[in-house]
Amino acid sequence: MSKVSLQRNVEIYDDADIVVIGGGPAGTAAAISGARSGKKVVLLEHSGQLGGMGTLGNVSIFMGVGNVTGIYRELVSEVMPNYLPQSHQGSIWPQYSPFNVRHYLNAKLEREGVKVYYHTSFVAAIQEGDTVTGVIANTREGLRAFLGRSIIDCTGDARVAQDTGVPTHSGREGDGLTQPMTLMFMMQNTGKPVKPYLPDDCYYYESINDLPQGRHLYWEYNNDGMLLVNMTRVKGNGAKIEDINHAEKEGLRQVFSVAHYLQRNGFETYTLSHIPGQIGVRETNQIEGMYTLTENDLTSGRRFEDVVAQTNYEIDIHSPDGKKTCDERQLSGYDIPYRCMIPIQVKGLLVAGRCISATHVAMSSMRVQATCYALGQAAGIAAACAVEGNIHLDQVSIPKLHQRLADQGVVFLK
Ligand SMILES: Cc1cc2nc3c(=O)[nH]c(=O)nc-3n(C[C@H](O)[C@H](O)[C@H](O)COP(=O)(O)OP(=O)(O)OC[C@H]3O[C@@H](n4cnc5c(N)ncnc54)[C@H](O)[C@@H]3O)c2cc1C
């Protein structure tokens, strides 16, 4: 492939203790916990909103995860207190308004003293030798530099890590296929018959077998006539240019087609009420970290000395190869170690959220939002400890990290 070279002088726009890239569940939690550790934190977000797939991708539901602690529990208690379980072990499955969570996160990060830069996209890492010392981002005013003592990659795609040369892998061992993408949408009950609408280039689904997932998958938990639909499915890797180009068009075609099917099959009074601005991406890149979480760790319920998050969410793999199946297997609970967030080969960088070091099967369980909030919270504290001690991120004391997590409301089950 032919190349061009780019050499530019870029204005340093901000300088912080911690720079977080990506404002999804992992990034927002990392920014909050870093700020609560007394550090100056800036967060760079590609879009105009926080919450990642949870709001941008209209996921709008938290999968049931036992041991709900820390910032995630706080979010639930502040946005939807009725859903809060009695104990940390309690599992909840709340359906939420992505609009409310989006607004809540804006206000929350402002209150916590985090400077959020919206419409600011990571472009390139700044490195001194093997240490990441900042990033160049594309802002509304062009390229700007943001410097930091610790950098946390929460892009979901490990974009920062990849740029520094950290090895990554995608999808299944063997063929590299990732879980498919889904454009989640909402329908609203109008209380009167609605004329079904199907644009010309969409599909007429006759029966359940014709549907992209071959099943019904929707929720209407809140009794407000709002139906959340997770029934589209597009094969591909959302971090690949051509795959995402195709998925955005095909996902929208499926939205109209599924809505039309539902309007003829039980939802005659429902109208399409919300289609998010981008398709939901489940799985793209995983970094190679100091430890790689495996299927065996999940199924054996493995515990780690350097635990930073716990979950009992199931193995949940939407078929990567275009089939209509899902591989769903219950788990009793396992730990995720800190080392999964420490990339090999570079210093000054942590990676939190769905793109940590994990196999395809292991990521299918840890990828849900509650776990990503937990990982982000730990990453923010670890980054703060490294700044305070002027040490590398892999030298952070685990007892100290655990104490700081406990101070911030995180409880680990033994
Ligand atoms: C269709 C679908 C259904 C799902 N269902 C559920 C469910 O029911 N319950 C559940 O709990 N979880 C569910 N998940 C999983 C969950 O939503 C995600 O795995 C989780 O949001 C990942 O969090 P994250 O912070 O790692 O990354 P993301 O949520 O992907 O957030 C990454 C953020 O980084 C930003 N970003 C990316 N690149 C850049 C860049 N270059 N510069 C700056 N910012 C950047 C993005 O804009 C985004 O805001 C679902 C996911 C999908 C796609």
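Helix α1, residues 25-36, packs with helix α3, residues 98-111, at an angle of about 20 degrees. Their axes are 10 Å apart. Keep in mind that this is a predicted model.

Why those two values? Two packed helices are described by the angle between their axes and the distance between the axes. Angles under 35 degrees count as roughly parallel. So α1 and α3 are roughly parallel to each other. The crossing of α1 past α3 is left-handed.

Which residues make the contact? From α1, we have Thr28, Ala31, Ile32 and Arg36. From α3, we have Leu105, Lys108 and Leu109. Sort the contact of α1 with α3 by class, and you get 4 nonpolar, 1 polar and 2 charged residues.

Now to the rings. Searching the whole structure gives 12 aromatic pairs. One of them is Tyr197 with Phe256. Their ring centres are 6.0 Å apart. Their planes stand at 85 degrees, so this pair is edge-to-face. Where do the two residues lie? Tyr197 is in the loop between β8 (185-189) and β9 (218-219), and Phe256 is in helix α5, residues 241-264. The pair therefore ties together parts that are 59 residues apart in sequence.

Next, Phe267 and Tyr270. Their ring centres are 5.0 Å apart, with planes at 85 degrees, so this pair is edge-to-face. Buried or exposed, these two? Buried means under 20% relative accessible area. Phe267 has 10% relative accessibility, so Phe267 counts as buried. Tyr270 has a relative accessible area of 7%, so Tyr270 is buried.

Last, a cluster. Phe62, Tyr72, Tyr96 and Tyr373 are linked into a cluster by ring pairs.

Methods
Residues numbered from 1 in each chain as written. Predicted model: local features only at pLDDT ≥ 70, side-chain atom pairs only at ≥ 80, totals over all residues. Heavy atoms only, no water. Axes fitted to C-alpha atoms, helices over the stretch in contact; angles between N-to-C directions. Helix = DSSP H or I, 4+ residues; strand = E, 2+ residues; numbered from the N terminus. Parallel < 35°, antiparallel > 145°, perpendicular 65-115°, else oblique. Left-handed = near helix turned anticlockwise from the far one by under 90°. Contact = heavy atoms within 4.5 Å. Nonpolar A, V, L, I, M, F, W, Y, C, P; charged D, E, K, R; others polar. Phe/Tyr/Trp six-rings, centres within 6.5 Å; stacked < 30°, edge-to-face > 60°. Buried < 20%, exposed > 50% of the residue type's maximum accessible area, 1.4 Å probe, protein only.
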